[in-house]
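Here is a short tour of how two parts of one chain meet. Have the structure open as you read along.

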Amino acid sequence: MTVDTASFFTRAVHAGRGQQPAASRATPIYLTAGFEFEDFDHAASHFGTGAGFGYTRTGNPTVQAVERQLAALESGADAVLLGSGQAAIATALLTVAGAGDHIVSSTHIYEGTRGLLLDNLSRLGIETTFVDDIADGDEWRAAIRPNTRALFGESIANARNDVLDIAAVSAIGDEYAIPLIVDNTLATPFLVRPIEHGAAIVVHSASKFLAGHGSVLGGVIVDDGRFDAARAGHNAPHLVLPGRGGLASVAERHGSRARGAYARESVAPRFGASPSPLNAFLIGQGAETLGLRVERQSRSALSIARWLDAHDDVESVDHVGLESHPHHATALRYLDGGFGSIFTFTLRGGLEAARHFVESVDVFTHMTHIGDVRSLVLHPATTSHAYRTEEEREVLGVRPGTLRLSIGIEDPTDLIADLDRVLSGVREVVA
Ligand SMILES: *Cc1c(COP(=O)(O)O)cnc(C)c1O
């Protein structure tokens, strides 16, 4: 008996296996939990060395192709794809820190990351100190302790559009042999590649610009491959000490790529936030048009920011492309090809004006997402930043009349027409 002569039930799951590989130009989607071993020794060698593919949680060809694409776009040595941006940030932080360790983070970060640091990593014994004025090197230095294992910040932050001086902060990290981790979600590697400026690790929510179409979640960690065991080993004992059962250390096995290897071998597959190969495919396909989208979105966003800035009903616009923004000079040093397309502006009419605004938009969509091909609007004070105190919101640039825009790829003329119509209505409601 062979599969061909087996019963219906058996043929249903075994017929048609073993197709020949074909030279697909688009990345094939290996939507499979696992991979067949060629023989006895192949299985043993996969488990012994990790080479090749065995099980999708530890490696998958579609996922690997996208990891290589994103590592190349970020000028990194290695990338690990994960199921969401939060999973990527958690994995990156757990790659560098453990119980008893400490992280120094910018205050101007995604609320989900802040919650992870304050509510979850704190319970694992990892403490965080926040830096309010990220342009002040002394504030970063003062926050560093002997057990600090990473500095963390966002290249462009929401809501105030603060821009991190990546070279300055990574140089401070270097003085203490501490890696700088940069969340580059809002800028994307089209506008800035933090590793080229000294950052050690870049993380993304791939759910945003990388995938680009608002259809999947994903996250990625990109490592610079510049781990120096002699200089930084004292801050990373898990990379330089022998492994369980006397195994050679990660640094002995992977050299300067030890940190990325540890994330891939130990943290990502154990905590288990693996991406679906289908989602990986969609992220890789999205990233093919990243530059086209971000270039246009950034151009449209700047013209919309200028238009809003000149509008009587608008109190202020926090867009780093405007000459009036306090970080404009820093942005000019780091951002090449645009200033991004996510920014906030504040209506003079306060909360009631904001309520009318989100309920009146037509071309814009009212939802909590960014980096989509569609233009989106959200009222941060009652949504993403609702759990902050009013004083904290003020520091973060989130007031009752503040709205966040994420500009898509529509014709900017249509976007401005939508805003013009909505703002005329706002005046009637508030007056
Ligand atoms: C959305 C976002 C995240 C979290 O990513 P998810 O894919 O939603 O898990 C982290 N950082 C920034 C800057 C984000 O915008």
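How much area do domain 1 and domain 2 bury between them? About 3,200 Å², with 58% of it on carbon and sulfur atoms; buried area is the accessible area (1.4 Å probe) that two parts lose on being put together, summed over both. On the side of domain 1, F190, L191 and F209 supply 22% of the area buried against domain 2, more than any other three residues.

A word on the basis: this is a predicted model, where local features need pLDDT of at least 70, side-chain atom pairs count only at pLDDT 80 or more, and totals for chains, interfaces and linings use all residues. Residues are numbered from 1 along each chain as its sequence is written, and side-chain values use heavy atoms, with hydrogens and water left out.

The rule finds three salt bridges across the interface of domain 1 and domain 2, a salt bridge being a side-chain nitrogen of Lys or Arg within 4 Å of a carboxyl oxygen of Asp or Glu. R114 forms a salt bridge with E392, and their closest N and O atoms are 3.7 Å apart.
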